[in-house]
Amino acid sequence: GAAGEGEGGDDESLFPAVTPARFEELVLKASPVTVVAFTKLGNPACVDVSRRLASSAIKGVNGRVSLMEVNASSPEGAKLAERYAPEFFSATESATEGSEDDKKCVAAVLFPHGTDKEDADPDTYDGDVDDAEAFAAWVREAIPDFTMPLPQPKLVEAFMRNDPFAPKIVLFADAKPDSALGRDFIALAANFHQDFQFATIPSGDEQNAAKFGVRSYPSLMMMFAPPLEGGENPDINTVQMQVAQFPGHRLDYLYMHSWLDQLLVQVLGKDPRGAGGDGGSEKKGAADPVKLVGTPKELDAECGGAGLCVIAFVPQGTEDTELRTAIVQAAADDKSDRPVKFVVVDPVEQRSFAAAFEVTTDDVPAVSVVSMRKNRFATYRATFSAERIAGFLDDVLSAKQRTRMIQEIPKLVPGGEEPEEVFDEDVEEEFDLADIMGEDVQGEVTNEERLSRIERELAEEEAEKKRKKAEEEDAAAAAKKASKKKKKKKRKGKAHSEL
């Protein structure tokens with residue numbers, strides 16, 4: 001997973017760090033495919049290249065393989081880089097632009113699957129650090145396929161009878177190995193094959209769909225034979241397989257990975273930290289998948305019983321959504337041993353809810369740590385990284401970070417709020433802006449409104465005076481004209497009488 005992402009933390013790497021002292025334990029002796037970025041972190045320009053590479057890695061292969069970083073600016077880190085990425089040091093200093101500069105900063109080295117990486121031949125990424133698809137394709141080539149396709153019912157029966165007490169993860173789908181779901185299932189199997197057996201059954205197998213209660217496709221299930229009370233295996237001829245359905249709405253890789261981590265504990269009684277799913281990272285364990293909540297019921301289901309609820313305000317449907325959600329998941333994993341629950345809320349659709357915790361669209365991504373029982377909260381708006389979010393939570397838990405009172409926990413709006421109305425700021429000339437704004441002040445009269453009204457009244461009075469004066473002048477002129485005509489008629493009458 002990634003260690004961070006920054007709006008204001010461009011000087012920080014996004015990769016989890018691995019020290020030279022723990023390199024053998026966490027990289028060479030760990031089972032999963034591991035990509036190590038050897039980065040000259042002492043150079044700020046190289047930190048930026050590392051961040052770009054991490055963004056590509058998270059978008060393409062987050063959780064499928066282990067991602068780590070060695071500081072090649074340190075003497076010990078430089079020795080490791082020289083050993084595993086010699087071309088990194090031979091990069092010519094004369095290169096001045098584009099990808100050549102990037103390659104002088106960061107060497108992404110892939111260590112293959114297995115616990116004997118010391119003798120394996122690592123591979124160095126030669127593509128563009130900003131090309132997430134190319135990076136993902138390079139990594140996927142190294143992920144071995146431990147899944148078994150079962151195209152016929154008789155093969156399913158043989159698979160179930162072979163090692164019947166080994167728990168089995170079965171994908172009911174027509175997912176080809178090169179499809180998105182097919183690739184994710186292969187990655188899942190690579191990380192958990194030591195504890196589960198993996199197989200795929202096509203939608204045409206109606207017999208097994210009915211047998212295992214498959215209602216829709218794609219569908220993911222675990223099948224296992226529970227041991228007897230004394231821990232012994234039941235009779236192979238009478239064993240009844242139990243079926244557990246994947247609880248997620250969609251087969252998202254991170255959710256599937258987290259579900260298997262939970263099954264390791266609940267069904268096999270194992271610690272995920274020691275299992276193949278751990279990826280050799282330094283996490284305390286895997287938390288539940290961080291869910292997007294959009295109704296009061298969903299929020300209560302996630303946070304109702306938690307000591308603290310960490311609400312991450314992450315806008316949905318953007319190119320950064322997956323990256324930021326991965327960061328929240330990494331923070332949740334880091335704090336999986338604490339009485340807290342992490343959720344994601346869309347601050348665009350739930351702007352009133354976000355505003356109650358003093359989060360605006362300009363602040364996101366942001367995080368609020370909330371006590372649902374005590375109606376108190378603290379909001380974090382700085383660098384959006386897993387390490388910083390976890391640190392802020394620690395400060396709240398230890399009372400170093402002060403919290404604020406909130407009258408009541410606001411309600412999420414099912415389906416989201418209506419889009420915010422944007423009023424046209426161009427006000428026509430005949431309307432006075434202060435006058436219009438004054439209508440919203442609940443009867444209060446502002447100085448600006450008073451002045452504007454006085455000015456308007458004076459102008460109206462002046463106009464009225466001019467209008468009256470003009471009318472009077474017109475009337476006077478008309479009267480004068482009529483009087484002249486009368487005199488002329490009188491004169492004509494007098495002249496006729498004299499003749």
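Trainee: How many aromatic pairs does a search of the whole structure find?

Mentor: Rings of Phe, Tyr and Trp (its six-membered ring) pair if their centres lie within 6.5 Å, and planes under 30 degrees apart count as stacked, over 60 as edge-to-face and the rest as tilted. This is a predicted model, in which local features need pLDDT of at least 70 and side-chain atom pairs count only at pLDDT 80 or more, while totals for chains, interfaces and linings use all residues. Residues are numbered from 1 along each chain as its sequence is written, and side-chain values use heavy atoms, with hydrogens and water left out. The search of the whole structure gives a total of 17 aromatic pairs.

Trainee: Which parts of the chain does the pair of Phe 23 and Phe 38 link?

Mentor: The rings of Phe 23 and Phe 38 are 6.3 Å apart centre to centre with 45° between their planes, and the pair is tilted. Helices (H or I, at least four residues) and strands (E, at least two) are DSSP runs, numbered from the N terminus. The two residues are 15 residues apart and belong to distant parts of the chain, Phe 23 to helix α1 (residues 23-28) and Phe 38 to strand β1 (residues 34-39).

Trainee: Is Phe 38 buried or exposed?

Mentor: Buried means under 20% relative accessible area, exposed over 50%, and partly exposed in between (1.4 Å probe, protein chains only). Phe 38 has 0% relative accessibility, so this residue counts as buried.

Trainee: Which residues are exposed on the face of α11 turned away from its buried side?

Mentor: In helix α11 (residues 296-303), the buried residues are Leu 299, Glu 302 and Cys 303. They cover an arc of only 75° around the axis, so they are on the same side of α11; the arc is that of the directions from the helix axis to the C-beta atoms. The face turned away from this buried side carries the exposed residues Lys 297, Asp 300 and Ala 301.

Trainee: How far from the centre of the Phe 159 ring is the charged end of Lys 168?

Mentor: A charge sits over a ring if NZ of Lys or CZ of Arg is within 6 Å of the ring centre and within 35 degrees of the ring normal. The charged end of Lys 168 sits over the ring of Phe 159, and its distance from the ring centre is 5.7 Å.
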